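This report goes through one protein structure, part by part. Keep the sequence and the 3D view open while reading.

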Amino acid sequence: MVFHRFDAVIVGAGGAGLMAAAQLAGKCNVAVVSKLYPVRSHTGAAQGGIAAALGNVEEDHWIWHMFDTVKGGDYLVDQDAAEVLAREAIDAIIELEHWGFPFNRTPDGRIDQRRFGGHTRNFGEGPVRRACYAADRTGHMILQTLYQTALKRQVTFFDEFMMLDLLLTDDGVCTGIVAMDIETGDIHVFHAKAVLLATGGFGRVFKVTSNALAATGDGVAIAFRRGIPLEDMEFYQFHPTGIYKMGILLSEACRGEGGILRNGLGERFMERYAPTLLDLAPRDMVSRAIYQEIRAGRGVDGKDYVWLDLTHLPAEVIETKLPDITDFVRTYLGLDPVKDLIPIQPTAHYAMGGIPTDVDGRVTIDAQNTPIPGLYAAGECACVSVHGANRLGTNSLVDLVVFGRRAGRHMARFVQENDFHPLPKDPAYRARAEIEWIRENDGTERVAQIRAELQEAMMTDAGVFRTGDGLKRLQQKLGELRNRYTQIRIDDKSRTFNMELMEAIELGFLLDCAEAIAASALAREESRGAHYREDFPARDDANWLKHTLIARTSGGLQLFYKPVVITRFEPKERVY
Amino acid sequence: MTVTRAQESRSATTRGISAYRGYRPPPGMISWAFHRITGLGVLLFLLLHIVDIFLVNYGPEVFNELLFLYRHPVFRIGEIILVGAVYYHAANGVRIMLIDFWPAAYRYERQLFYGVMAVFLLAFIPTAFLMIRAIIQAG
Amino acid sequence: MQVTLRIQRFNPETDTKPYYREYTVEVEPTDRVLDALNYVKWYQDGSLTFRRSCAHGVCGSDAMRINGRNRLACKVLIKDLGPKITIEPLLGFRIIRDLVVDMEPFFAQYRTVMPYLINEEPPPVRERLQSPEERALYDDTTKCILCACCTSACPIFWTNEWLGPAAIVNAHRFLFDSRDRATEERLAILNQRFGVWRCRTIFNCTEACPRGIQVTNAIEQVKRRILFEQS
Amino acid sequence: MTIARPHLGRERPSGGFELYSWYYFRISGLLLILLAVGHVVIMHVVNTVDEIDWQFVADRWNSPFWRVYDWLLLFLALTHGLNGARLAIDDYVRPHGWRVFAHSVLWTLALLFLVIGSIAIVTFDPSKFEVVAQAGG
Ligand SMILES: Cc1cc2nc3c(=O)[nH]c(=O)nc-3n(C[C@H](O)[C@H](O)[C@H](O)COP(=O)(O)OP(=O)(O)OC[C@H]3O[C@@H](n4cnc5c(N)ncnc54)[C@H](O)[C@@H]3O)c2cc1C
Ligand code: HEM
Ligand code: SF4
Ligand code: F3S
Ligand code: FES
């Protein structure tokens, strides 16, 4: 076992983790621990853009951005946080630019902006150009720029180290983490004054997803296991345009640049569902609309997909502004977006919920927002909550940089003002036990089989449409899978780069996330944003304008609620 | 700063010349391999040639004695290869220089490679024909 | 359709040298090689080890030799390969296990060229201006995902310790960025003994790059830059 | 576990030597197209070894033009070729000691062959020898 001591440890080297690391570098001793090489993080897959009301190409104001965020999130957004997001987005983008981010430019040399779903001018009047971008590899460029900045500032990286456990004292102070060096299988204990969880999302609980195979909700699940409640887990976003069957994302930028959706009859069906914003309505609405078309028998050839049509766009726009998308379509479908319609289907995309935090990234433990000293979270694994019940496109990347930055800055202060807390006696015992258990277990179940059944069940019963019965059936299935999980067996007993062991551990995390989603979704008897209950199709502000918190206690899963912060915008009906 | 681990004691690498076998060569790799082989081959001949030329200073007897070697059939085949090597190396050298100094040339990398092969063959086939004929005539 | 995967295996805990094993899997022609590998790992032999994450060619995890050429397993479809597929780890790196190689030397090369924007002038309140034309100069090289397909396809890299194409691509990205001010320092690094001049314009790098970056062109641009600006 | 240094030059800067070497390949290569290709065509294709003998060389070197031509060819081909061999050594001779050794041998050879080649071309004086008529073959 190896011990390390750092003022601050950041788990996860995606946009959120690296942004925080860049803030901390030079101010204290900071380490970034990541199970992937930083540049492999899923932030690199983000395509379309990052929102900020720069007003470079047309009039725009942060308060419009804030309004869109709140409305897009179906008013479940904490408005104090949304205000921070919209205001600081501008600074954060400029900072990224100064660090070298290669934005596309306007003819006069400023950052260019494009349209994106749900972003409007003057509180909903019509689409606005707010998304800053670098072709269709905005996330890639953010990840690169932040990694480069972290290298420049000489941050210490522990690449391919997988966090297994979070160290909390009995009186609720965070003292570090335990991780496994994937290459050697050695256990490392990181003693720290402050820990930031930035481990990303858990799209892999669903069968068809845009998320990476590594997006298994590790940080979320570990926090959950250590008694930290999770917030708003029932809100999981399905992105309307995933490549049929594969789930590979075709960015909303396709529609931002003018692409349209057509059903099997060739109709532009969004006219029926969102007369003003049409194809650029928020994702939850478009995804539901697609399924409604399919249910009404207007899918293509009676199958469960519709078309994304870019053929009317100039070939040059497609090639230069959407080069990666073009490449995906050519590589994986053998089609040419310039001439062919693209078969698409909603794909599991983004977790609005996660580890609850305040606007400084501090993880909070209860409905009163009491922070845990030394523990922070940011990025997709956290829930600030700026996305409420449904995130707008381009708002996640802003979330990463704005709240990654705030968390980093707060941590810098925190480590200056606080001392190390002693580690518990055998800090790694839980992590060791987990590894030993999986390695030695002599069951009959295959990890992949359980995972496949989990993903299938989640897709059917916790997908775009949900019902009380379906969710109960899902919970039963999850119970069964949980049991079978104790009967797994892995072939690979070696220590060196044991990916099978990792996948088994990750399956445990996925099960945790799935259970939290199912229970939270079953309890919420209304439809709001991405959570659509067919048995309760209306939004119910009187009873449900509140955040779900779910905690794992000795008595099982426990649900409780906390109020939504409303400052500027009273909840209204959401039409586009 | 990145933390690195001590090298594993037991490990496998594919470094060194043996790696050549592991890669299915694209045209560029073939053209480079020929360029290097021909360059080094011609160099070897050149070194030999300097030695024999040095012998002109020892008078016709010594020098002409040596010519028997050059007139040996095996050597004459080698001579054909030498000429071919110089042709190829020269043509490919031009291709490399085009790529270096003509910014748009990289787009025609394949075409240039085939062009080199064409120039090489066009020059080499008649040359080889003449040289073989000379060998036969010399008996 | 049925395909046979011939995969190079090596586990330092049990093997003294790499060997091959064959697996037969049932796949769709439109499946990725990565899907086939996953199928083997998930249902046939859990000990088969390889890196992967995004599964659509944007993270750079799963660079490997597929039928003798460097490719991302998630960007090659079975139908383009036929029924017999040979899969081996990247050349030129230490093999950690099976298809997983030690990437640290690769990232060390990357760090050598100072892969970050250097401009110590006080920044303006808003963005630094850059025209679309200036932006276009380095567009191609910003696509790099550091997968190492290029560097490990370069025959010069297999036999000596030179910088390799990926590091130069990333140097190019900053050299041709009008906002950067460290041109001289960077060119000095690239001008060193095992710097850019070791490139013999073999083009294996360009052929291998899954992002379609004109790697050799970038290297040549850097060479010309040094030639005409430095000497 | 070691901490790698973030970014420092990997080798001493070589004062631009590689640049000149690279450039020299091109300049010399350009000249060699005339000299070397011309040489092989004249000496091996148009004339054949059947026709070439001491007298042939002697006649040729009567003209200063061919002496200069041949000396340039000697110089350029030798330096160009050995410079190429230098690259090959860097590629194939990896242990440091051996590499230094190989480079030393290389440059010694370069000097040696340049000297004997030059001696041959510059000091050759056919009049020292009796002119012996030689028949071809
Ligand atoms: C295809 C796609 C396109 C998108 N496009 C956009 C867009 O255009 N605009 C937008 O705003 N948003 C977009 N998003 C959403 C956004 O990209 C993500 O939500 C965001 O990148 C998440 O960043 P993160 O930093 O939280 O986590 P990630 O980037 O996912 O990083 C997670 C990090 O945690 C590490 N990690 C995980 N588990 C462990 C563990 N156990 N131990 C150690 N380390 C661990 C990983 O190695 C990784 O470094 C898109 C998402 C996808 C999937
Ligand atoms: C005929 C005209 C010639 C031309 C146009 C030419 C051109 C070149 C060029 C441009 C290179 C550099 C290759 C690179 O940088 O990748 C080169 C390399 C080389 N040349 Fe020549 N050359 C010629 C003749 C010769 C001769 C006569 C010899 C032998 C004595 C020779 C031996 C070599 C060698 C050994 C290399 C190194 C190859 C390598 O390391 O890859 N060349 N040549
Ligand atoms: S240049 Fe291409 S091949 Fe090389 S590392 Fe970058 S993306 Fe990979
Ligand atoms: S393969 Fe190597 S030699 Fe140059 S052109 Fe590419 S880096
Ligand atoms: S898995 Fe990300 S590039 Fe292949």
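Two strands count as a pair if DSSP finds at least two bridges between them. The structure described here is a predicted model.

## Paired strands in chain A

Strand 19 (residues 546–553) and strand 10 (residues 230–231) of chain A are joined by 2 bridges and run antiparallel. In strand 19 of chain A, Leu549(A) is the residue that stands opposite Glu231(A).

Strand 19 of chain A also pairs with strand 20 (residues 556–563) of chain A, through 8 bridges, and these two strands run antiparallel. Here Ile550(A) stands opposite Leu559(A), which belongs to strand 20 of chain A. A hairpin of 2 residues links strand 19 of chain A to strand 20 of chain A.

## A buried alanine in chain A

Another strand of chain A, strand 14 (residues 342–351), contains Ala351(A). Is Ala351(A) buried or exposed? Its relative accessible area is 1%. Buried means under 20% relative accessible area, so Ala351(A) is buried.

Ala351(A) and Gly217(A) are separated by 134 residues in sequence. In space, their C-alpha atoms are 9.7 Å apart.

## The largest nonpolar core

The largest nonpolar core has 150 residues. Which residues have the most contacts inside this core? They are Ile50(A), Leu37(C) and Leu190(C). Helix 11 (residues 395–417) of chain A gives the most to the core, with 11 residues.

Chain C takes part through two domains. Domain 1 (2–101) and domain 2 (104–230) of chain C both give residues to the core, so the core lies between them.

## The iron atom of ligand 2

Which protein residues are donors to the iron atom of ligand 2? They are His89(B) and His80(D), each through its NE2 atom, at 1.9 to 2.0 Å from the iron. This pair crosses between chains: His89(B) is in helix 3 (residues 73–101) of chain B, and His80(D) is in helix 3 (residues 64–92) of chain D. Both His89(B) and His80(D) are buried.

There are 6 donor atoms around the iron atom of ligand 2, and the angles they subtend are 86 to 179 degrees. Why is the arrangement octahedral? Six donors count as octahedral if opposite donors are over 155 degrees apart and all others between 65 and 115. The arrangement around this iron atom is octahedral because of the angles its donors subtend.

## Annotated spans in chain B

An unreviewed UniProt entry lists "transmembrane region" for residues 33–54, 74–91 and 112–136 of chain B. In the model, residues 74–91 of chain B are 100% helix and 0% strand, and the end C-alpha atoms of the span lie 26 Å apart. Residues 112–136 of chain B are also 100% helix and 0% strand. For residues 112–136 of chain B, the end C-alpha atoms are 35 Å apart.

## Chain D

Chain D has 4 helices and 1 strand. Along the sequence, its pattern is β-α-α-α-α. Of the 137 residues in chain D, 47% are buried.

For chain D, UniProt (unreviewed entry) places "transmembrane region" at residues 21–46, 66–89 and 101–124. Residues 66–89 of chain D are 100% helix and 0% strand, with end C-alpha atoms 33 Å apart. Residues 101–124 of chain D are 96% helix and 0% strand, and the end C-alpha atoms of this span lie 34 Å apart.

Conventions:
Residues numbered from 1 in each chain as written. Chains lettered and ligands numbered in written order. Predicted model: local features only at pLDDT ≥ 70, side-chain atom pairs only at ≥ 80, totals over all residues. Heavy atoms only, no water. Donors = N, O, S within 2.8 Å, 3.2 Å for Na, K, Ca; no water. Tetrahedral: all angles 85-135°; square planar, octahedral: opposite > 155°, others 65-115°. Buried < 20%, exposed > 50% of the residue type's maximum accessible area, 1.4 Å probe, protein only. UniProt positions renumbered as here; feature names shortened; annotations may be inferred. Core = buried A, V, L, I, M, F, W, Y, C linked by side-chain atoms within 4.5 Å. Domains from an automatic or database assignment.
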